[in-house]
Amino acid sequence: DVSLRGEGSSAVVVISDQGPGIPPDFLPLIFERFRQADGSARRGHTGLGLGLALVKELTELHGGTIQVDSEMGRGTRFTVSLPLPALRQLDQAERDATQPSGESPLAGVRVLYVDDVEDARVMVSTMLRQYGAEVESASSASDALLALQRIRPHVVVTDIAMPDRDGFDLLQTIQSDPLWSELPIVALTAQSGIDDERRAKAAGFRSYLRKPVDVDHFVSVLAHIVSHG
């Protein structure tokens, strides 16, 4: 259960469950990094023991506090308190960061974005749409090849390390088709070595961008490629 209430000048979020609870001797340690109540090799839950440590650090960075209460057999309750001025500043900062200024540099540009990671597809697609692009995403090289006929993109952006068929395979398949041989393809990848970039450019990628991507540079690169071919 999740609830939200105002309390003085703070917003208070309470997250509670009816689970097995947390042992009393572990409660003082619960926000420490790499701590887990069950550290055995046969434990039933995955994870590194970092999640709650990060929650605490992020909460305190915003001037807030987090508390935990638990009773064995009767569940656990986390209470997060955040000062409202900090929330307003954060909200404005997020709006400023996600709203491009001036004209949309990718207005009318059709982008096909290929990545096997769903979170990456959502994030990059949302970001490009904020700059005016029309975005179609695909989770694999095979899906991307089907999407080509449907949306006829101006540019393809693809991850390189994907299962089954990677970004190089996708590039070669597109380039071998006379209909799409001139279509610009951009690599957006976590592979950051100099040799990786050289290989990608030698294979025919128009540009090589590293994750996490710099938004302004990413948009600038796409706009330049589309306008100059």
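How many residues apart are Arg-198 and Asp-195 in helix H6, and what does that spacing come to in helical turns?

Mentor: Keep in mind that this is a predicted model. Arg-198 and Asp-195 are three residues apart in helix H6, so about one helical turn separates them. The two side chains form a salt bridge, in which the closest N and O atoms are 3.7 Å apart. That falls inside the limit for a salt bridge, because a side-chain nitrogen of Lys or Arg has to be within 4 Å of a carboxyl oxygen of Asp or Glu. Both partners, Arg-198 and Asp-195, are exposed.

Helix H6 holds another pair of this kind. Lys-201 and Glu-197 both lie in H6, four residues apart, which is about one turn of the helix. A salt bridge joins Lys-201 to Glu-197, with 3.2 Å between the closest N and O atoms. Lys-201 has a relative accessible area of 46%, so it is partly exposed. Glu-197 has a relative accessibility of 19% and therefore counts as buried. The cut-off matters for Glu-197, because buried means under 20% relative accessible area.

Now turn to the neighbouring helix. H6 covers residues 194-203 and H5 covers residues 167-175; their axes come within 11 Å and cross at roughly 15°. H5 and H6 are therefore roughly parallel to each other. The reason is the cut-off, because angles under 35 degrees count as roughly parallel. The crossing of the two helices, H5 and H6, is right-handed.

A further salt bridge involves Asp-169, whose side chain meets that of Arg-165 at 3.2 Å, N to O. Asp-169 has a relative accessible area of 26% and so is partly exposed. Arg-165, at 25%, is partly exposed too.

The loop between S7 and H5 contains Asp-164. The phi of Asp-164 is near 70°, a positive value in a residue other than glycine. That deserves a remark because most residues other than glycine have a negative phi. With a relative accessible area of 84%, Asp-164 is exposed.

Arg-152 also has a positive phi, near 45°, and it too is a residue other than glycine. Its place is the loop between helix H4 (141-151) and strand S7 (155-158). At 42% relative accessible area, Arg-152 is partly exposed.

To set the charged pairs in context, a search of the whole structure finds 11 salt bridges. Salt bridges also link Asp-115, Asp-159 and Lys-211 in a network.

Leu-54, Leu-58 and Leu-61 make a nonpolar surface patch of about 320 Å². Of these, Leu-58 sits in helix H1, which covers residues 51-61. Leu-58 has 52% relative accessibility and so counts as exposed.

Note on methods
Residues are numbered from 1 along each chain as its sequence is written. This is a predicted model: local features need pLDDT of at least 70, side-chain atom pairs count only at pLDDT 80 or more; totals for chains, interfaces and linings use all residues. Side-chain values use heavy atoms; hydrogens and water are left out. Patches are made of residues with over 30% relative accessible area and no salt bridge: like charges are joined within 9 Å, nonpolar side chains (Val, Leu, Ile, Met, Phe, Trp, Tyr) within 5 Å. Accessible areas come from the Shrake-Rupley method with a 1.4 Å probe; for residues, only the protein chains shown count as cover. Buried means under 20% relative accessible area, exposed over 50%, partly exposed in between (1.4 Å probe, protein chains only). Axes are lines fitted to C-alpha atoms, for helices over the stretch in contact, and angles run from 0 to 180 degrees between N-to-C directions. Angles under 35 degrees count as roughly parallel, over 145 as roughly antiparallel, 65 to 115 as roughly perpendicular and the rest as oblique. A crossing is left-handed if the near helix is turned anticlockwise from the far one by less than a right angle, and right-handed if clockwise.
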